[in-house]
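Okay, everyone, thanks for making time.

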Amino acid sequence: MNKIIKLEDIEAEVYYKNIRNINLRISPPEGKVRISAPFRTTTKTIYKFACSKLSWIKKKRRMILESTSESLQYINDETHFFMGEKYKLRIQKNNALTEVKLINNEIVLQVPDEADSSKRQSILQDWYHLQLEMIIPPLISKWESIMNVSVRRFSIRRMKTRWGSCTPKSRCIRFNLELVKRAPECIEYIVVHELVHLLEASHNNKFKSLMDRFYPNWKLYRRELRSLQIKA
Ligand SMILES: [Zn+2]
């Protein structure tokens with residue numbers, strides 16, 4: 001049984017596992033706090049542990065949230081990510097044409113005079129969406145033939161807690177738009193992960209051995225996606 005504890009205004013999910021020590025992890029994109037604790041650890045002990053880390057938790061959560069879309073202002077020189085690389089945002093006025101271009105280490109946003117930050121955000125999100133729409137199909141084709149599976153449909157959406165999901169019965173796969181900001185190997189890892197679900201629905205040992213077989217470094221990329229060090 002998992003449980004939720006409250007640390008001021010932050011909710012933390014507690015998982016009981018066959019481990020020796022209490023672990024705490026904060027994961028992007030939402031800064032979700034997960035605590036793993038040995039079986040039979042008392043709630044009081046877990047709470048005490050988490051409280052002792054509270055200022056660290058707040059700091060890391062702020063770092064994560066700042067690196068995701070929520071707190072961005074879409075102004076000149078702001079840092080944005082694309083396929084694991086860091087870019088500076090450059091706003092250029094262009095009343096005739098709305099366009100997004102990658103030039104050297106800049107994402108150049110050509111927008112009309114009146115485009116405010118939410119308009120700029122939606123232009124950039126649309127561009128990200130389009131890019132991910134082009135990145136994913138060749139990966140799906142590649143892994144469909146390696147695994148001998150077939151995907152009926154994939155979609156890209158903004159998700160709060162997951163990088164991707166798969167409904168094996170309908171063979172539909174969904175990807176988190178935020179993936180487009182991550183390294184190509186991480187994007188491919190999620191594609192492989194979701195396609196492996198067509199062979200095994202749950203995260204059991206069979207699933208893990210299929211991952212080992214198809215994408216031997218998958219744990220490295222899982223760690224990278226979960227990690228706090230958003231490349232900067
Ligand atoms: Zn999964």
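**Around tyrosine 189**

Let's start with tyrosine 189: setting aside neighbours within four places in sequence, it is in contact with Tyr215, Trp218, Tyr221 and Arg222. Contact here means that the C-beta atoms, placed from the backbone, lie within 7 Å.

Two bits of housekeeping. This is a predicted model, where local features need pLDDT of at least 70, side-chain atom pairs count only at pLDDT 80 or more, and totals for chains, interfaces and linings use all residues. Residues are numbered from 1 along each chain as its sequence is written.

Now, where does Tyr189 sit? It belongs to the largest nonpolar core, which has 30 residues, and Tyr189, Ile190, Val191 and Val192 have the most contacts inside it. A nonpolar core is a set of buried Ala, Val, Leu, Ile, Met, Phe, Trp, Tyr and Cys residues joined through C-beta atoms within 7 Å. Buried means 20 or more other C-beta atoms within 10 Å of the residue's own, again placed from the backbone. Helix H4 (184-196) gives the most to this core, with eight residues. Domain 2 (70-127) and domain 3 (132-226) each put in at least three residues, with the bounds taken from an automatic or database domain assignment.

There is another core apart from that one, with nine residues, including Ala12, Val33, Ile35 and Ile46.

On to the sheet. Four strands form an open sheet in the order E1-E2-E4-E3, with mixed pairing. For the record, helices (H or I, at least four residues) and strands (E, at least two) are DSSP runs numbered from the N terminus, and two strands pair if DSSP finds at least two bridges between them. Which strands are at the edges? Those are E1 (3-7) and E3 (23-27), each pairing on one side only. E3 runs antiparallel to E4 (residues 32-38), joined by five bridges, and arginine 25 stands opposite arginine 34 in E4. Helix H1 (residues 43-52) packs on the sheet, touching E1, E2, E3 and E4, and its direction makes about 45 degrees with that of E1. Axes are lines fitted to C-alpha atoms, for helices over the stretch in contact, with angles from 0 to 180 degrees between N-to-C directions.

Last stop, the hairpin. E7 (residues 99-103) and E8 (residues 106-111) pair antiparallel over five bridges, and glutamate 99 has glutamine 110 as its bridge partner. Two residues lie between these strands, and asparagine 104 in the turn has a positive phi of about 50 degrees.

Methods: Two residues are in contact if their C-beta atoms, placed from the backbone, lie within 7 Å. A residue is buried if 20 or more other C-beta atoms lie within 10 Å of its own, exposed if 12 or fewer, and partly exposed in between; C-beta atoms are placed from the backbone.
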